[in-house]
Amino acid sequence: MRVDVVTIFPEYLAPLDLSLVGKARAAGTLDLAVHDLRTWTSDVHRTVDDSPYGGGPGMVMRPEPWGQALDALAGPHTRLVVPSPVGAPFTQATAHALAAEQHLIFACGRYEGIDQRVLDHAATRMPVSEISLGDYVLFGGEVAVLVILEAVTRLLPGVLGNADSLAEESHGPAGLLEAPVYTKPAQWRDLSVPDVLRSGDHGRIARWRRDEALLRTARRRPDLLAALPPEAFDKRDRAT
Ligand SMILES: NC(=S)c1ccno1
């Protein structure tokens, strides 16, 4: 997968050199480049913003640099992703959809945002996704790109050491929150590991984990449970 990130703060994306995302880049699984939007300015001050039409606080990112950046970077299989409070909620399903793309360009807005015409013009030549991490406002899109790219990269083939992790984790194929996890020691302070996990009975262990996932989801995210189709539950779940 090819990813281009355009920002006025390239150093904000330095964490993408680290850990599993960094390893995915070194392995060639993720071909990522970070670009300074000011590359596409032409004035001596490298200006990227101006006052908003209609008045109001703050500044708006000018369309010209963005237009030239997208002209330079977009190709026939590009999706433009714009992290924004006005975007569609980012979910694991969104991460899977983005992981299936050939080429992503992330546009990191700053100030009061990017001139709307940038997105409108881009939409005439590529799919555009405005994505929100949640109902809150950040200084800009860079931190959101770090989150989105981590969620997407871990879904790319070969990035996770054991792809089985994807099957059992929260928001996975079962649509539930994952069960609690434990490791050694069996006794820690006055707390013990559930006996079933030390029983060696894999059938019982699988059932326990399923039950715990259902209980945890019902208590913390009943909305997720309500969204599951009836066939997601086997007869024993219904009896639980
Ligand atoms: N909520 C999101 S993703 C955001 C981006 C910029 N500000 O807030």
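A pocket here is an open set of grid points with protein on both sides within 12 Å along at least five of seven lines, and a molecule sits in one if more than half of its atoms lie within 2 Å of its grid points. In this predicted model, the ligand sits in the largest pocket. Strands S5 (78–89) and S7 (128–132) each give two or more residues to the shell around the ligand, and S5 takes the largest share with 3.

As for who is in that shell, Pro 83, Ser 84 and Pro 85 are there, along with Ile 131, Ser 132, Leu 133, Gly 134, Tyr 136, Val 137, Leu 138 and Gly 140. By class that comes to 7 nonpolar and 4 polar residues, with no charged ones. Of the 260 Å² that the ligand exposes when taken alone, the protein buries 95%.

The largest pocket itself has a volume of about 500 Å³ and a lining of 25 residues, with Pro 83, Ser 84, Pro 85, Glu 112 and Gly 113 nearest its centre. S5, helix H4 (116–122) and S7 each put two or more residues into this lining, S5 giving the most with 5.

Helices H6 (164–168) and H7 (202–220) each supply at least two, with the largest share, 4 residues, from H7. Here the lining splits into 9 nonpolar, 3 polar and 5 charged residues.

Definitions and conventions
Residues numbered from 1 in each chain as written. Predicted model: local features only at pLDDT ≥ 70, side-chain atom pairs only at ≥ 80, totals over all residues. Heavy atoms only, no water. Near = heavy atom within 4 Å. Areas by Shrake-Rupley, 256 points an atom, 1.4 Å probe, with all protein chains shown as cover. 1 Å grid on protein atoms, 1.4 Å probe; cavity = no way out; pocket = protein on both sides within 12 Å on 5 of 7 lines; lining within 4 Å. Nonpolar A, V, L, I, M, F, W, Y, C, P; charged D, E, K, R; others polar. Points joined across faces, edges and corners; volume = space filled by probe spheres on them.
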